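Subject: Structure for you to look at

Hi there,

Here is the structure I promised to pass on. Have a look at it first, and then read on for what turned up.

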Amino acid sequence: MAAARLPSTDLHRVAEALEMIAPRWSIWVLMTLASQPGPLRYTKLKEHLPWLGDGQLHPRLRALSEAGLVERTAQTRLHVTYGLTARGRDLMPSLTALAGWGDAHLEKNLVLNRVTGKTEPERIPAAQNAEDTLAVIGHRHATVLLWTLKARGTTTLAALSAEAMADHSPSAIYSPIRRLIDDGIVSVSRDDVASLQLTAPGQALAPIYRSLSAWATARPLPDAESHPVWGTPRISAAARSGQWAAHQARKASQAVAVSQPPAPAPVTAWRPGELFSAATTGPSR
């Protein structure tokens, strides 16, 4: 594969952008500030995020301010406001894309609608959908593996390891690729040689990576449509057939309240030798 098909600068900057917003509650803070008409005083911001203590919210605001996404303005010693910078506002399309993928592809519990009397998928806050999506694609090596699979189409595990993780031992690919398979965004075909490819939910990550690429490289968002790797989806995102993909199953029997987002569930343990020991079952949460 020609090196031009996998722009390294673009990839690295997108990975850095994901790492920047990965700490828990960062997206909640950013999307809460974006939903307001102007900057908020700390006490008002805390009213929107009542489950966060000062020891959680203060570090998030400090880190996001240092990253250039949130602006802290001290009117007086006791009057301090927080609002998004221009850079933070420009990130919103990427967070919206993360939330949209989560809404479409993360598994939801069925709950009773007290108005209609029918069961329907629980409604998850956009910020929680975005954070849950980030948990699926933000773990170590996930971005480079998904990026390489999108560029190659279909490839073997050995070829993927050699191209995407050349600086690591061949066995280092087992854990991240197993997780992507379990999450339903990478599938394994078992013909003469086991090969890997993105599933329909994996292909549907394109809007996320396109918008993050434009943001990370300071290009206009419309330019992202012509991205060399993610610009033209191979499979329509509509080909979901009602299935979901993700590893963080929601265990509660009722819809999750906005004020109490669920904690991520632990990833099931597995052994490297079991990577391709059984057929995959398709998207599940």
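A quick definition to begin with: angles here run from 0 to 180 degrees between N-to-C directions, and the axes are lines fitted to C-alpha atoms. Please also keep in mind that this is a predicted model.

**The sheet and its helices**

With that in hand, take helix α9 (residues 157–164): it lies across β6 and β8, and its direction is at about 95 degrees to β6. Those two strands belong to an open, antiparallel sheet of three strands, ordered β6-β8-β7. β6 (154–156) and β7 (186–190) are at the edges with a single partner strand each, so one side of each has no neighbour in the sheet. From one strand to the next, the twist averages 35 degrees.

β7 pairs with β8 (residues 194–198) over five bridges, in the antiparallel sense. Within this pairing, Val 188 has Leu 196 in β8 as its bridge partner. Helix α10 (residues 174–182) also packs on the sheet, where it touches β7 and β8, and its direction makes about 95 degrees with that of β7.

**The largest pocket**

The largest pocket has a volume of about 540 Å³. It is lined by 22 residues, and the closest to its centre are His 12, Ala 15, His 141, Thr 143 and Val 144. Which helix gives the most to this lining? That is α1, with seven residues. By type, the lining divides into ten nonpolar, seven polar and five charged residues.

Enjoy exploring!

Notes:
Residues numbered from 1 in each chain as written. Predicted model: local features only at pLDDT ≥ 70, side-chain atom pairs only at ≥ 80, totals over all residues. Heavy atoms only, no water. Pairing = 2+ DSSP bridges. Helix = DSSP H or I, 4+ residues; strand = E, 2+ residues; numbered from the N terminus. Contact = heavy atoms within 4.5 Å. 1 Å grid on protein atoms, 1.4 Å probe; cavity = no way out; pocket = protein on both sides within 12 Å on 5 of 7 lines; lining within 4 Å. Points joined across faces, edges and corners; volume = space filled by probe spheres on them. Nonpolar A, V, L, I, M, F, W, Y, C, P; charged D, E, K, R; others polar.
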